[in-house]
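Visitor: I am new to this structure. Please show me how to read it, feature by feature.

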Amino acid sequence: MSSRSLEVLYRDVKQLTPYANNSRSHTEAQINQVVSSIKEFGFTNPILIDEAGVVIAGHARLQAALKLKLDSVPCIALKDLTEAQKRAYVIADNKLALNADWNIDLLLSEIEALKQNEFDTAKLGFNDEELEQLAAELEEKDVEAKNEENPYTQIVATPLYEPDAQKPQYEDMYKTDKFNQLLERINSKDINPELKKFLIAAAYRHVQFNYEMIANFYAHSDKDTQELMEESALVIIDYDKAIEQGYINLSNEIDEFYAQER
C-alpha cells in the first residue's frame, strides 16, 4: 500500500458515529481509566474515522470524550480504505495491541519509580490485583530461572532398587580414589592448618557412592543403622523429611506428581 499523508482534524463529537458492528466492548471502569488518562496527558491519540465520520479505531476515546463533555476531538480521516479494509481494521487495531507482551521486570520497575515520584499510578490502567499478579509471575519466573541455572537443585527422577538376597560389603558401596588423591595432595602442601581442614572437608564431595548397593545394605540393616542412613540422605524413604532437612529440592514436575500421590 502506498504511503498516505495523515492530517489531524478536530471534529465535533456529535458528528462522530461508532461503528455498529464493533466487536470490542468497553466496560465503564475502562472508560473511566481513559477519562483519567485524558485528564492527565491530554487527548494525544486521534480517533480514526472514515469519510462519513464513522469510527474505525478509538471507540473508548470517543466515549471518554463524551463523558468529559468535550466539544471536539482530534481525528484522522482514512479516506482510501475499502469497506472490507475498514471492517478488518476495526478488528486488527484491537487485536494487534493485545498480541504485545510486557517485560514484567521493567514494567514493575517503572511503576515503582513513578510511585517514588508520587505519581498516581492508578492512571496507568493497572489495579492493585493486576500488579500483585504480575509480581507473582515475576517471582515464579525467577525461581524457574534459578532452577535451570543450578541443576543440583533439580531432581528429575528417584531411582527405586529391589534389594538382593545378600548384604553388600562396605567397600562395594563407595569409592574413594579421587578423594584419596586430593587428600594426598592437600597433606603434601605447607598451608594454613585451618585452610587444610577446609580443603579436606571439601574433598569428601569426591567420594563416589553406589546407591544400588547402599539400598541393598539398607534393606539388610537394623533399625538404628537405617535411621542413620536416612538422616545422611543415603536413602530417601520419607520425601517430607528429606525436604525438611534440606537434602532435596523437588522440581516442578516431581512436586506436582508427589502432590497428587499424597
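Guide: Start with a charge inside the protein. R61 is buried, yet R61 has no salt bridge. Keep in mind that this is a predicted model.

Visitor: Which side chain of opposite charge is nearest to R61, and how far away is it?

Guide: That is D93, 5.8 Å away. A salt bridge needs a side-chain nitrogen of Lys or Arg within 4 Å of a carboxyl oxygen of Asp or Glu.

Visitor: Where is R61, and which residues does R61 touch?

Guide: R61 sits in helix 2. Leaving out residues up to four places away in sequence, R61 touches V34, F43, N45, P46 and I47.

Visitor: How many salt bridges does the structure hold?

Guide: Five. One of them pairs K67 with E28, with 2.3 Å between the closest N and O atoms.

Visitor: Which parts does the pair of K67 and E28 tie together?

Guide: K67 lies in helix 2 and E28 in helix 1 (residues 28–41), so the pair ties together parts 39 residues apart in sequence. K67 is partly exposed, with a relative accessible area of 39%.

Visitor: Which side chain does E40 meet in a salt bridge?

Guide: The side chain of K123, at 2.5 Å, N to O. E40 belongs to helix 1 and K123 to the loop between helix 4 and helix 5, so parts 83 residues apart in sequence are tied together. E40 is partly exposed, at 34% relative accessible area. K123 counts as partly exposed too, at 26%.

Visitor: What about K86: which residue is its salt-bridge partner?

Guide: E51, with the closest N and O atoms 3.4 Å apart. K86 is in helix 3 (residues 83–98) and E51 is in the loop between strand 2 (47–49) and strand 3 (55–57), so this pair ties together parts 35 residues apart in sequence.

Visitor: Is K86 buried or exposed?

Guide: Read the relative accessibility. Buried means under 20%. K86 has 10%, so K86 counts as buried. E51 is partly exposed, with 44%.

Visitor: Which residues are linked with K86 in a network of salt bridges?

Guide: D50, E51 and E83.

Visitor: Now the surface. Which residues form the negative patch?

Guide: A patch joins like charges that have no salt bridge. Here the negative patch is formed by D101, D105, E137, E139, E140 and D142.

Visitor: Which helix gives the largest share of the negative patch?

Guide: Helix 5 (residues 128–149), with four residues. E140 is in helix 5. With a relative accessibility of 49%, E140 counts as partly exposed.

Visitor: Which residues make the nonpolar surface patch?

Guide: Y170, Y174, F209 and Y211, over about 450 Å². Y170 lies in the loop between helix 5 and strand 5 (174–175). Exposed means over 50%. Y170 has 55%, so Y170 counts as exposed.

Visitor: How should I read a phi angle?

Guide: Most residues other than glycine have a negative phi. E118 has a positive phi of about 60°, although E118 is not a glycine. A233 likewise has a positive phi of about 60° and is not a glycine.

Visitor: Where do E118 and A233 lie?

Guide: E118 is in the loop between helix 4 (104–116) and helix 5. A233 is in the loop between helix 9 (223–231) and helix 10 (239–244). E118 is exposed, with a relative accessibility of 75%. A233 is partly exposed, with 22%.

Visitor: How far apart are K69 and V13, in sequence and in space?

Guide: They are 56 residues apart in sequence and 9.0 Å apart in space, C-alpha to C-alpha. K69 sits in the loop between helix 2 (59–67) and strand 4 (72–77). K69 is exposed, with a relative accessible area of 72%.

Visitor: Let us step back. How many helices and strands does the protein have?

Guide: Eleven helices and six strands. The protein has 262 residues, and 26% of them count as buried.

Visitor: What share of contacts joins residues at least 24 apart?

Guide: Take contacts between residues at least 6 apart in sequence. Of these, 70% join residues at least 24 apart.

Visitor: What does the accessible surface come to?

Guide: About 19300 Å², of which 49% belongs to carbon and sulfur atoms.

Definitions and conventions. Residues numbered from 1 in each chain as written. Predicted model: local features only at pLDDT ≥ 70, side-chain atom pairs only at ≥ 80, totals over all residues. Heavy atoms only, no water. Patch = residues over 30% accessible without salt bridge, like charges linked within 9 Å, V, L, I, M, F, W, Y side chains within 5 Å. Areas by Shrake-Rupley, 256 points an atom, 1.4 Å probe, with all protein chains shown as cover. Lys, Arg positive; Asp, Glu negative; His and termini not counted. Charge placed at Lys NZ, Arg CZ, Asp CG, Glu CD. Helix = DSSP H or I, 4+ residues; strand = E, 2+ residues; numbered from the N terminus. Buried < 20%, exposed > 50% of the residue type's maximum accessible area, 1.4 Å probe, protein only. Contact = heavy atoms within 4.5 Å.
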